[in-house]
Each structure stands twice: as structure tokens, then as C-alpha cells.
Amino acid sequence: MNIHEYQAKDLLKAFGAPVAKGYIATTAEEAAEQAKKLDSEIFVVKAQIHAGGRGKGGGIKLVKTLQELHAEADRMIGKPLITPQTGPKGRVVRSVYVVEDTSIARELYLSLLVDRATGRVAFVASTEGGVNIEEVAANTPELITTIDVDPASGLSAFHGRVIASALNLEGDLAKQCAKLIKTLYTLFMEKDASLIEINPLVVTGDDRLVCLDAKMGFEDNALFRHPDIEALRDIHEEDPAEVEASKHDLSYVKLDGSIGCMVNGAGLAMATMDIIKLYGGEPANFLDVGGGATKERVTEAFKIILSDPNVKGVLVNIFGGIMRCDTIAEGIIAAAKETNIAVPLVVRLEGTNVERGKELLSESGLAIIPADDLDDAAKKAVAAIKAAA
């Protein structure tokens, strides 16, 4: 789960990290009023959406008067903001963050994440802050330092020294860096974060470190331990189908293809998407119904897949272990009848109660294309879509 910048800044401040003072506003009038609370004659107006590249899309503006601030906030709020990460439709801005101006001497990059290669928490630091870290990694990877934290020994003063050195910080700035590293690590571990990104982390004109921008993500499966974090969720920033799926404990991610996939098990779902691509198709989604799904959950999963107008065919691939194939079949039949499915439907079932499941499907009166195995299912799904087109 991701949160907005202003929420991330509030968390940073609560844990003792240095952040610029700012206030959230949902109208231009409120933004102007909030700015009066800041001890500054220059302000920054920042659109709040869950996407990077806001500055490139006109979502971050420096203003010198309350009139300018009001005008910029009015331009942003209620309008879609298009950035390199939002896609062509953009995201609707529902609030702006009004922040005091900060004198910037240097811009740095600092993040904390889970390193998938090592399975450890890792810090990533670079002297090239204020730009996309992906560009730095591609063009000047030598300017990026990554250091893992051993879970057995935990964070130590060594990590702070290495990162301060990587950021070319000395003296008191190096001490501030070490303190910030400890703060970020504490926040990351206590709140089950998956990402904390400070870009830029700035050195001010009076030699202070300030977290000028912040992005945070949290492990969905740990949210039950953190109701305070879960309360920060903004469903307006999520795909409506993904929000609906979460209500039924379904793992669903919308993609750009045309073949809807319903599978049980994340590994099998990934393999299903891979083999669809192997035969020239494109998956429209990742959807894992789980190992113990009920008929009702399967029905909802099917309806969510078909709610995507890009779906031109559906591939159901179920290996019944805990999940019974007859339960899957009942869910497919109920959903297909309820939605009046008008696209090709390919079903591959294997495992517990598979024969009963196949009987239910064959007796349903639906135009279902049966498949013997995954390879056969993928071939038939791609062929059926091409034929229908």
C-alpha cells in the first residue's frame, strides 16, 4: 500500500526526521489560508497523487505570493495530472501540499527497501538526487551505493558512516546523516514498510539535512498490525477493480493485455501469463483466487475480470489441491450466466474432484472451450481471440 507525500512527511516527523513545514489543503482557498501559517515568503505547491514525475507534469510549483499560490492550487485541484508514471489519462488531484521554501545547496538521494536479491533490508544512496534514480542507475551506476543490513546483527554505526561517505557528507552533516539513517531504519522496521524513498534529501544553505520529498510503501499482508497506516489508504489512487478484488481477498493486478486470467496460486498465475505471451497473446491481469476460495469468491473474481473492457477472452487455469475443481466450476457457471459472457472462455482443470468439475461445465450449456493442460489452454485462448477478432 502506498501513501501520499504529506502522509509520509507526517510519519517522518513523528519519528524525528527533519522535514520542511507544510500543510494539506483540498481547495485553493484553504491552501492560501494554510500558507499564512508558514514562516516563509515563498511557497511550494505540490499536487498529491501516487505517482512520480509530478514536477515534469506541472504538479509542483514555486510561488512568491498568496495570489499565485491560490491560482496554482486552483489549477491543480480537481484536474487530472499527467506524469511519466500516470499514463495518458493521468490522476485526478484531490489535494495539494503547501510547503515552506527551503534553501537548497545540494540534492541527494536516499532510500530504504527490501533487496529482492539478498532478502535483506538495504539502503540505496547517491549524490545525484532530484532526478529519477533509474536514469542514474542506467547512465552512471558508479554513483549509486547499496548497503545491506544483516538481520542478525541489525543496524550499526558502520552503516551511517558508509552512507555519509557515499553522499560526500562530513563533520556535522555526517552526524546528521547517521541519525537520519537510524530514524529511517526504525520507521521501516516498526511499520513493516516496503519502501522509504527520500528524493531529494537536501543539504540546506545553513548546513542542515532536510527530507524535501518522500515516498512510502507498506507490506499489504502486515497492515492488520498497523491500523494507523491502513487508515492512510486512499482508494481514489487505486484501480477500482483492484479495490473491489481486495474486498473479496483476491490478489488482482490489472495489466494491458486482452486475455483475462483466473488462476489459483501466484506461481501458477505467473506461469500462465508467461505461456500466454509465449504463444503471442497478452494477459489482461494477474488474478490469484487462493487455495481455499469459495464459490462466491470465484464468482466475484470472474465478474472482476469481465469488468475490464479490454478483455476479449478468458483463460481459467486451476490445479485443485485444497481448492476443489467442482467449486471452481460452480463459480464459473454462476458468473458466466450472471454476466452473460460474450467472449471465448477456455478452462483447464486438474486435481481434486476434476471429473465432477468437468461434468458440471459440460452440462452447463455454456460455450466453454475445454483444455487438457496449460500449454493446450494457452494455445486455445490465443487462437480463440484471434478467431473472434
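This is a short walk through the predicted model shown above, from the overall build down to a few side chains.

Okay, some ground rules. The model is predicted, so local features need pLDDT of at least 70 and side-chain atom pairs count only at pLDDT 80 or more, while totals for chains, interfaces and linings use all residues. Residues are numbered from 1 along each chain as its sequence is written, and side-chain values use heavy atoms, with hydrogens and water left out.

Let's start with the whole chain. We have 389 residues, and 47% of them count as buried. Buried here is under 20% relative accessible area, exposed is over 50%, and partly exposed is in between, using a 1.4 Å probe and protein chains only. The C-alpha atoms fill a box of roughly 75 × 50 × 40 Å along the principal axes. I count 13 helices and 19 strands; those are DSSP runs numbered from the N terminus, H or I with at least four residues for helices, E with at least two for strands. Now contacts, meaning heavy atoms within 4.5 Å. If you take contacts between residues at least 6 apart in sequence, 68% of them join residues at least 24 apart.

Next, helix α1. Seven of its 10 residues are buried, so to speak mostly covered. The buried ones are Glu 5, Tyr 6, Gln 7, Ala 8, Lys 9, Leu 11 and Leu 12. Just after the helix, Gly 16 takes a positive phi of about 100°.

Keep an eye on Tyr 6, please. What is the count of aromatic pairs? It comes to one. That pair is Tyr 6 with Tyr 97, at 6.3 Å centre to centre and 45° between the planes, and it is tilted. For the rule: rings of Phe, Tyr and Trp (its six-membered ring) pair if their centres lie within 6.5 Å, with planes under 30 degrees apart called stacked, over 60 edge-to-face, and the rest tilted. Tyr 6 sits in α1 and Tyr 97 in strand β7 (residues 96–100), so the pair ties together parts that are 91 residues apart in sequence. Both tyrosines are buried.

On to charges. Side chains of opposite charge can pair when their charged atoms come close. The structure holds 23 salt bridges, each being a side-chain nitrogen of Lys or Arg within 4 Å of a carboxyl oxygen of Asp or Glu.

The one to look at is Asp 213 with Arg 54, at 3.1 Å from N to O. Asp 213 is in the loop between β12 (209–211) and β13 (214–218), Arg 54 is in the loop between β3 (43–47) and β4 (60–63), and the two are 159 residues apart.

Arg 208 is partly exposed at 40%, and Asp 206 is partly exposed at 49%.

Then there's Lys 247 with Glu 244, closest N and O atoms 3.6 Å apart. They are three residues apart in helix α8 (residues 240–247), which means about one helical turn between them. Lys 247 is exposed at 60%, whereas Glu 244 is partly exposed at 30%. Salt bridges that share partners also join Glu 5, Lys 9, Lys 46, Arg 54 and Asp 213 into one network.

While we're on α8, its Ala 241, Val 243 and Ala 245 are buried. The buried residues of α8 pack against β14 (251–254) and α10 (295–306). After the helix comes Asp 249, with a positive phi near 60°.

Back to Arg 54 from another side. Thr 83, in the loop between β5 (80–81) and β6 (91–92), touches Ile 49, Ala 51, Gly 52, Gly 53 and Arg 54, leaving out residues up to four places away in sequence. Thr 83 is buried too, at 6% relative accessibility.

Last stop, the second largest pocket. Which residues lie nearest its centre? Lys 89, Gly 90, Arg 91, Asp 239 and Pro 240, out of 17 lining residues. By class, the lining has four nonpolar, five polar and eight charged residues. For the classes, Ala, Val, Leu, Ile, Met, Phe, Trp, Tyr, Cys and Pro are nonpolar, Asp, Glu, Lys and Arg are charged, and the others, Gly among them, are polar. A pocket, on a 1 Å grid over the protein atoms alone, is an open set of points where a 1.4 Å probe fits, with protein on both sides within 12 Å along at least five of seven lines; lining residues have an atom within 4 Å of a point.
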